[in-house]
Amino acid sequence: MPGSVPSPFSAAVDDAAPSSVPVSGPAHLLRVSLLMAGSCLPILGAVLIAPVLPKMQDHFASVPGAKALVPLALTVPALALAVLAPFAGVIVDRLGRKRLLIVATLLYAVFGTAPLWLDSLGAIIASRALVGVAEAAIMTCCTTLIGDYYSGHRRVKYLALQTMCASASATVFFVLGGAAGSAGWRVPFWVYAVSLVLAPLMATVLTNPAPRATAEVTSTPATPQRGFPWRQLAGICALTFFGAMVFYTVPVEMSYLLDDLGVENSGVIGLATAIASAATVGGAVTFARLKRSPDPMLPAVLAVCAIGFGVMFLAGNAPLLVVGAVVNCVGTGMLLPALLTSAMSRLAFEDRGRGTGLWLAAFFGGEFVCPLVLLAGESAVGSLAGAVGVLGLVAAAVAAGLWAPHRRTAGQPT
């Protein structure tokens, strides 16, 4: 369209040629299964030991500062992942996806099971930070390989499937951690050894992808034809950082919101959280089936998230709170694959590892600060529900800000 200015959130690069790897048959299914399993390992690291934190707290009660240090065992992998994912992305582009993925998957088992024989709380937290290092490489490699192997609608489909698997596995790992933790707080750490099974399969089944032909990069006279798309990726990464806070609000804060409404039964709280998780999966399925470009969908998806937050803010009882959480999670289930697909469309093969690492850093950085932002909001407005309402207003404002350029562009003559 004459006179139109490319949006910083408009897709710039995508693969024009089909992938050389099979897209059907047993080998294809095994490849996809391994990539999805690898993508779930960072989720395992994030939630598996949550049910045993009280037992860890009791075990290390005599350690100075244990009340603050024990929760770090849960959150420090996400922080390490956020900090190191960009560096993992650079290594991915230079050394290759498959090699780094196999090494990181093996190290994941070593670092993940280390608390089984470590007696120092400081050493355990250090091992957990190293788990985050391995997770940064694993998540970057798996996501990059999905972008390498597939293009077009297949890429959208498998990135949405990645979101579905991550959301569903969070519930499974939480239950597994609770069941294993009944035998002692160290027992859940044995589950990290599952990566020893995945690594040999990855070495056998996964192939090193080759570059495919790419479309031309949309550019202005002041922009080089070939170069890393810093400006466009900066825009989607900033939106992803905010989107991660939106995404993690319900999983992190749902139990506290229910408690504020007088719901103390852990079974009821678990059921409510499971219903919300199912809605996230439903949102990801919906996104995959719509088969539409992600960028124009982002304003509507964020608006759905904002509506869900608004209902949660107004809820005076648990059922209405759950309704609001479900609406929000339908939106977040669509939001994550939309953001990731949008980022992938900007990246050529040579830059995909670095770009994916930057995107993951933005996402997990948003996850890490989410509870801190809501805590600050709670202090400012006087209640957690109020803080959620403020976040909903911000999400609505961001949706409006994204929608305005699309509306202006749509109104211009062709």
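**Aromatic contacts and helix packing in the predicted model**

The charged end of arginine 31 is placed over the ring of tyrosine 149, at 5.4 Å from the ring centre; a charge sits over a ring if NZ of Lys or CZ of Arg is within 6 Å of the ring centre and within 35 degrees of the ring normal. The model is predicted, with local features requiring pLDDT of at least 70 and side-chain atom pairs counted only at pLDDT 80 or more, while totals for chains, interfaces and linings use all residues. Residues are numbered from 1 along each chain as its sequence is written, and side-chain values use heavy atoms, with hydrogens and water left out.

Over the whole structure, 11 aromatic pairs were found. Rings of Phe, Tyr and Trp (its six-membered ring) pair if their centres lie within 6.5 Å, and planes under 30 degrees apart count as stacked, over 60 as edge-to-face and the rest as tilted. Among these pairs is the edge-to-face one of phenylalanine 60 and tryptophan 185, with 5.6 Å between centres and 65° between planes. Phenylalanine 60 lies in the loop between helix H2 (53-59) and H3, and tryptophan 185, 125 residues apart from it, in the loop between helix H6 (152-181) and helix H7 (195-205). Helices are DSSP runs (H or I, at least four residues) numbered from the N terminus. Both phenylalanine 60 and tryptophan 185 are buried, where buried means under 20% relative accessible area, exposed over 50% and partly exposed in between (1.4 Å probe, protein chains only). One aromatic cluster comprises Phe60, Tyr108, Trp185, Phe189 and Tyr192.

Tyrosine 150 and tyrosine 158 form a tilted pair, 4.6 Å centre to centre with 45° between the planes. Tyrosine 150 counts as buried because its relative accessibility is 1%, and tyrosine 158 counts as buried at 7%.

Helix H3 (residues 66-95) packs against helix H12 (residues 352-381) at about 170°, the axes being 6 Å apart. Axes are lines fitted to C-alpha atoms, for helices over the stretch in contact, and angles run from 0 to 180 degrees between N-to-C directions. H3 and H12 are therefore roughly antiparallel (angles under 35 degrees count as roughly parallel, over 145 as roughly antiparallel, 65 to 115 as roughly perpendicular and the rest as oblique). Residues in contact (heavy atoms within 4.5 Å) include Leu79, Ala82 and Pro86 of H3 and Leu358, Ala361 and Phe364 of H12.

Alanine 274 belongs to helix H9 (residues 266-290) and is partly exposed, at 30% relative accessible area. Its C-alpha atom is separated by 6.7 Å from that of threonine 171, 103 residues apart along the chain.

Key
Helix = DSSP H or I, 4+ residues; strand = E, 2+ residues; numbered from the N terminus.
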